[in-house]
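Please open the model in your viewer and keep the selection tool at hand. The tour begins at the ligand and then moves to a pocket.

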Amino acid sequence: MSVPMIDINKWRYDEFEQVGKDYSLNNEVAVYEETHSKFRELVQESNEFLDILSVKAGESLIDFGCGTGVFTIQAALRGVNVFAVDISQNMLAYAEKKALEKNIQSISFINSGFLNYTHSSELVDYIMTSFSFHHLPDFWKAVALKRMHSMLNSSGVLYIQDVVISEENCINNINSFIQSQEELGGDFLRVDAIEHFRDEFSTYDWVIEEMLKRAGFKIESKESFSGLICRYKCTKEED
Ligand SMILES: C[S@@+](CC[C@H](N)C(=O)[O-])C[C@H]1O[C@@H](n2cnc3c(N)ncnc32)[C@H](O)[C@@H]1O
């Protein structure tokens, strides 16, 4: 069974309304890389993903929820044509400034989101979304996956990294995660983690995996860390 194509214009979820952490705020944008660097190697991680995807110069990629543009810029440095999409004007402005400082001009920065972005160029080779998909409630995740499916060419690849919850031992895993975030980044990362699980829409891995299948994706690989972070590499199921 697949997600039906629907006319959602009258009741579309307002994805421009920030939920949980407010990435429209300049002060959140300004501290994003410094705080995330306490638990992620941002540039190294981006290059690992680009290696996994085996991207080549001249290929195309949409980065949904590009944030400060770390992945977007690493992809562009490899000659990939990137469409960097984010609902936050301030995130986009920050990312664009960094790209211009590096004299990179092959990135299109677009103020839009999973539910509103319309891709009017050729279908793309890759879609990446890192730590952004959980901003949508589950029904809308399914709608967004179907939309992303329609933007990828027949050999296209979707790569998702996000906070996705394995059910076994999940309460303990979440509590341990909040504690380890506090150890790494004090109050800021503790509150950040609490707000994540309280206010945002991270869901179970079995929910995401079923949604991926119903949207027409095949999960080629899954990596899971601490029962809370998942990385999925997906291709399009043949019709
Ligand atoms: C946690 S940051 C992730 C940034 C970056 N991708 C990374 O891996 O560090 C989440 C980003 O998703 C954006 N975002 C939230 N909801 C979105 C939506 N519906 N469509 C596109 N971007 C969205 C936020 O504005 C924010 O920049």
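**The ligand and its cavity**

Select the ligand first: the space that it takes is the largest cavity (a cavity being, on a 1 Å grid over the protein atoms alone, a set of points where a 1.4 Å probe fits but cannot get out). The model is predicted, with local features requiring pLDDT of at least 70 and side-chain atom pairs pLDDT 80 or more, while totals for chains, interfaces and linings use all residues. Residues are numbered from 1 along each chain as its sequence is written, and side-chain values use heavy atoms, without hydrogens and water.

Next, display the shell of 20 residues around the ligand, where E15, Y32, G65, D86 and S130 are the closest (a heavy atom within 4 Å counts as near). By class, this shell holds eight nonpolar, nine polar and three charged residues.

Now select D86, R40 and Q18 in turn. The side chain of D86 places an N or O atom 2.7 Å from an oxygen atom of the ligand. For R40, the corresponding side-chain distance to a ligand oxygen atom is 3.0 Å. A polar side-chain atom of Q18 lies 3.2 Å from an oxygen atom of the ligand. Of the 600 Å² that the ligand exposes when taken alone, the protein buries 95% (Shrake-Rupley method, 1.4 Å probe).

**The largest pocket**

Move to the largest pocket, with a volume of about 350 Å³ (a pocket is an open set of grid points with protein on both sides within 12 Å along at least five of seven lines). Its lining has 17 residues, with F39, R40, F225, I229 and R231 closest to the centre. Finally, colour α6 (170–199), which gives the most to this lining, with four residues.

Key
Polar contact = N/O pair within 3.5 Å; in protein donor to acceptor, adjacent residues only side chain to side chain. 1 Å grid on protein atoms, 1.4 Å probe; cavity = no way out; pocket = protein on both sides within 12 Å on 5 of 7 lines; lining within 4 Å. Sits in = over half its atoms within 2 Å of the grid points. Nonpolar A, V, L, I, M, F, W, Y, C, P; charged D, E, K, R; others polar. Points joined across faces, edges and corners; volume = space filled by probe spheres on them. Helix = DSSP H or I, 4+ residues; strand = E, 2+ residues; numbered from the N terminus.
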